[in-house]
Amino acid sequence: MATNTDLETINEISLKHPKKYKVLILNDDYTAMEFVIEILISIFHKSYEEAEAVMLEVHKKDKGVCGVYTHEIAETKVMQVHKKARESGFPLRAEMEEE
């Protein structure tokens, strides 16, 4: 049988969920809208309709949320966006911020 001391110890050890991070794409005047849609489909696994909605959000509000991930995954997605954009000659930028 658990004593009060045992229960207090168990409560103190409770696990914390990892912080989540939003990955955002930032608007610019040079990146083609179709390229942004392509990025959202290939890197963020959005449907065409979802990708188009995020792209329009980026266009109208200067940034749009692509997804919410753990730190490592968010960091990787940002790097993938930058790499693919540079390879295609676009200045598209992404960033991550704590949710």
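Are phenylalanine 44 and tyrosine 69 buried or exposed? Both phenylalanine 44 and tyrosine 69 are buried. The model shown in these views is a predicted one.

**View 1. The aromatic pair of phenylalanine 44 and tyrosine 69.** Phenylalanine 35 is buried, at 5% relative accessibility. In the present view, the ring centres of phenylalanine 44 and tyrosine 69 are 6.4 Å apart and the ring planes stand at 40°, so this pair is tilted. Phenylalanine 44 belongs to the loop between α2 and α3, whereas tyrosine 69 belongs to strand β2, so the pair ties together parts that are 25 residues apart in sequence.

**View 2. The aromatic pair of phenylalanine 35 and phenylalanine 90.** In the one shown here, the ring centres of phenylalanine 35 and phenylalanine 90 are 4.7 Å apart and their planes stand at 35°, so the pair is tilted. Phenylalanine 35 is found in helix α2 and phenylalanine 90 in the loop between α4 and β3, so the contact ties together parts that are 55 residues apart in sequence. Phenylalanine 90 counts as partly exposed because its relative accessibility is 22%, while phenylalanine 35, at 5%, counts as buried.

**View 3. Helix α3 and its two faces.** Helix α3 comprises the 14 residues 48-61. Aspartate 62 follows α3 and has a positive phi, near 75°.

**View 4. The salt bridge of glutamate 98 and lysine 19.** The structure holds 4 salt bridges. In this one, the closest N and O atoms of glutamate 98 and lysine 19 are 4.0 Å apart. Glutamate 98 lies in strand β3 (residues 93-98) and lysine 19 in the loop between α1 (4-12) and β1, so the pair ties together parts that are 79 residues apart in sequence. Glutamate 98 is partly exposed, at 45% relative accessibility, whereas lysine 19 is exposed, at 53%.

**View 5. The salt bridge of glutamate 97 and lysine 22.** The closest N and O atoms of glutamate 97 and lysine 22 are 3.3 Å apart. This pair links distant parts of the chain, with glutamate 97 in strand β3 and lysine 22 in strand β1, 75 residues apart. Glutamate 97 is partly exposed, with a relative accessible area of 28%. Lysine 22 is also partly exposed, at 24% relative accessibility.

**View 6. The salt bridge of glutamate 38 and lysine 84.** Between glutamate 38 and lysine 84, the closest N and O atoms are 3.9 Å apart. The pair links distant parts of the chain: glutamate 38 is in helix α2 and lysine 84 in helix α4 (residues 71-87), 46 residues apart. The relative accessible area of glutamate 38 is 39%, which means that this residue is partly exposed. Lysine 84 is partly exposed as well, with a relative accessible area of 24%.

Key:
Residues are numbered from 1 along each chain as its sequence is written. This is a predicted model: local features need pLDDT of at least 70, side-chain atom pairs count only at pLDDT 80 or more; totals for chains, interfaces and linings use all residues. Side-chain values use heavy atoms; hydrogens and water are left out. Helices (H or I, at least four residues) and strands (E, at least two) are DSSP runs, numbered from the N terminus. The expected span of a helix is 1.5 Å times one less than its number of residues. A salt bridge is a side-chain nitrogen of Lys or Arg within 4 Å of a carboxyl oxygen of Asp or Glu. Buried means under 20% relative accessible area, exposed over 50%, partly exposed in between (1.4 Å probe, protein chains only). Rings of Phe, Tyr and Trp (its six-membered ring) pair if their centres lie within 6.5 Å; planes under 30 degrees apart count as stacked, over 60 as edge-to-face and the rest as tilted.
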